[in-house]
Amino acid sequence: MTYFWWIAGIILALAWFSRIVDAALGMPSVADVSRPDWNRNPVLSAGNPRVSIIVPARNEEAEIENCLQSLLALDYENYEVIAVNDRSTDQTGEIMERISQHLNSHASETAKSGTTKLQVIHHAELPVGWLGKTHAMWTAANRATGDWLLFTDADVIFKPDSLRRALAYAEAEPADHVVLFPRMIMQRPGEYMMIAFFQTMFMFGHRPWKVADPSTDDHMGVGAFNLVRRKVYEAVGTYEALRMEVLDDMKLGKVVKNTGFAQRNVFGGDLISIRWGHGAFGILNNLTKNFFAVLSFQSWRTLLSAFGLVFINLGPFLGIWLAHGWERLPFAIAIGSLYFIYVGLSWRSSVPPYYFFLHPISTVLFTYTLLRSMFLTLWNNGIVWRGTKYPLEELRKGMV
C-alpha cells in the first residue's frame, strides 16, 4: 500500500505543480486589452476596417434587448449588427424588430451620430443537416459586409470600447482570429463554486498562453467573442464546415489554428460580461449538452475522463486523509499547487480563493454532469437543444 500512495501522490504532485509552473511562466504573455495602452483606434492605411457583429438568438427574450442595446452603443464607427431570430417561440423576434424600427425612425440622428443600423433576420425553419445556431450564424455571415466578423451570443453585454480595443489589438498584432475572454457575472455561491472549478479545469486542459504558438495544437474559441477576419472565415470553409458542431465556438478556433492562421486570445477585464447560469445547477444544466460532445460522443472516453476527473481532483484530498506520515507529502504539494491556481484565477476573476475548499464538492457535481450528459444523449439517441432534437448519428458524422 505504501508504494501505491507514493506513486499516486507523485503523479498528482507533478500534474498540479507542473501546471502552476507552466501557467506562471506563460500567462503574462497573454495580452489584456483593457489596459490603457489599447485604448486607441485600429490603424489601417485605408481607414478603420468594417466589422459585422452577428448575434444568433433563440428564445432569448430576457437578454436580447440588453445585448443589442449594448452593441448599438459601441464607440467604434464602422460596424453593423446582424441579429438572427432562430425560430423563437417567445418575444425574441418582436423585441429585435422593435429595436430595429426605433433605429429606423431616428435614421437622420443615426447617420449623424455614426450609430450602426441593425439588421434582423427571421428563421421559420431549420434545413436538414444543420444546428440552429450554426445555421443562423452562417446565414448572417452571408449577408455581412464587414472585413471582420464578430460572432457573439445573445446574452453578452458589451462595454462601449470593447470592440475598438480588441480590433486595435488584432490589427497591431496582427492576428486573424481574436478571442476575448468574458467576465463571468456570478450572484450566488453555487455559481462562484462551479465557475471556479470550470476555470481551473480549463486551465488544466487548455493553455491560453500557447494559442499564439504555431508549433502547438492549443487553440481557443469562445462563443461570447470570436472575432475573425472574413477572408480567414471563408478560407476555413465558413460555418458550413461546422454545421453540426455542438462546440462550434471551440471548433472554429481549431480549424483556424490548424489551417495555419494567426490566433490570439486576450483578457479584457469587464469589457464583455455574461451570466452563465443561475445557481450551481443552472450552470451544470447548460453544460450537459456539451460534455459528451467534448469527448466526441464516445462512451469509453467519457468513462475514462470521469475516472481521471475524480483522480486528479479528489485524489489529493483523499491522499492527505488516508495516507500516513511522509506518504502525505506529494499530496500536500498537489493541494498547495491547486490552491495557488485558485489564487491566480482570483486575480483575473471575482472568485475568492477560499472557494478552493469547495473543490471536492464541485468535482462530484461536474463528474455527475459528465456522466449525465452521456446518459441523456444515449438515452435520447441525440441532443435536445433549445427545443430541437439533433440525432446522435448526424452529430457524430458532422464532427470536425
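How many bridges join S6 to S9, and in which sense do the two strands run? Four bridges join them, and S6 and S9 run parallel. The model described here is predicted, with local features requiring pLDDT of at least 70, side-chain atom pairs counted only at pLDDT 80 or more, and totals for chains, interfaces and linings using all residues. Residues are numbered from 1 along each chain as its sequence is written, and side-chain values use heavy atoms, with hydrogens and water left out. Helices (H or I, at least four residues) and strands (E, at least two) are DSSP runs numbered from the N terminus, and two strands pair if DSSP finds at least two bridges between them.

The S6–S9 pair belongs to an open sheet of seven strands, ordered S3-S2-S1-S4-S8-S6-S9, in which the pairing is mixed. Strand S3 (118–123) and strand S9 (263–266) are the edge strands, and each pairs on one side only. From one strand to the next, the twist averages 20°; axes here are lines fitted to C-alpha atoms, for helices over the stretch in contact, and angles run from 0 to 180 degrees between N-to-C directions. Buried here means under 20% relative accessible area, exposed means over 50%, and partly exposed lies in between (1.4 Å probe, protein chains only). Helix H9 (residues 248–258) lies across strand S4 (148–151), strand S6 (177–180), strand S8 (226–229) and S9, running at about 140° to S9.

A further open sheet has three strands in the order S5-S10-S7, again with mixed pairing. Strand S5 (157–158) and strand S7 (183–184) stand at its edges with a single partner strand each, so one side of each is left without a neighbour in the sheet. S5 pairs with strand S10 (residues 272–274) in the antiparallel sense over two bridges, with Ile157 opposite Ser273. Strand S10 also holds Ile272, which counts as buried at 1% relative accessibility. Leaving aside neighbours within four places in sequence, Ile272 is in contact (heavy atoms within 4.5 Å) with residues including Val156, Ile157, Phe158, Leu180, Arg183 and Phe225. Arg183 and Ile272 are 89 residues apart in sequence, yet their C-alpha atoms are 6.2 Å apart in space.

Turning to the helices, H7 (189–205) is mostly covered, with 12 of its 17 residues buried. Among the buried residues of H7 are Glu191, Tyr192, Phe197, Gln199 and Met201. The buried residues of H7 pack against H1, S7, H10, H11, H12 and H13. At 1.5 Å a residue, the 17 residues of H7 should span 24 Å, and the end C-alpha atoms are 24 Å apart, which agrees; the expected span is 1.5 Å times one less than the number of residues.

Helix H11 (residues 299–322) bends by about 50° at Leu314, with a proline, Pro316, following within four residues. The bend at a residue is the angle between axes fitted to the seven residues ending there and the seven starting there. Leu314 and Pro316 are both among the buried residues of H11, as are Thr302, Ala306 and Gly319. The cover over the buried residues of H11 includes helix H1 (2–26), H7, helix H10 (279–294), helix H12 (329–346) and helix H13 (359–380). H7 and H11 pack at an angle of about 105°, their axes 13 Å apart. That makes H7 roughly perpendicular to H11, on a scale where angles under 35 degrees count as roughly parallel, over 145 as roughly antiparallel, 65 to 115 as roughly perpendicular and the rest as oblique. Where these helices meet, Phe197, Met201 and Phe204 in H7 face Leu309, Ile312 and Asn313 in H11.

Most residues other than glycine have a negative phi, and most peptide bonds are trans. The peptide bond from Glu173 to Pro174, however, is cis, with omega near -15°, and Pro174 sits in the loop between helix H6 (162–172) and S6. Asn381, in the loop between H13 and strand S11 (382–385), has a positive phi near 55° and is partly exposed at 48% relative accessibility. Arg386, in the loop between S11 and strand S12 (388–391), has a positive phi near 50° and is partly exposed, with a relative accessible area of 41%.
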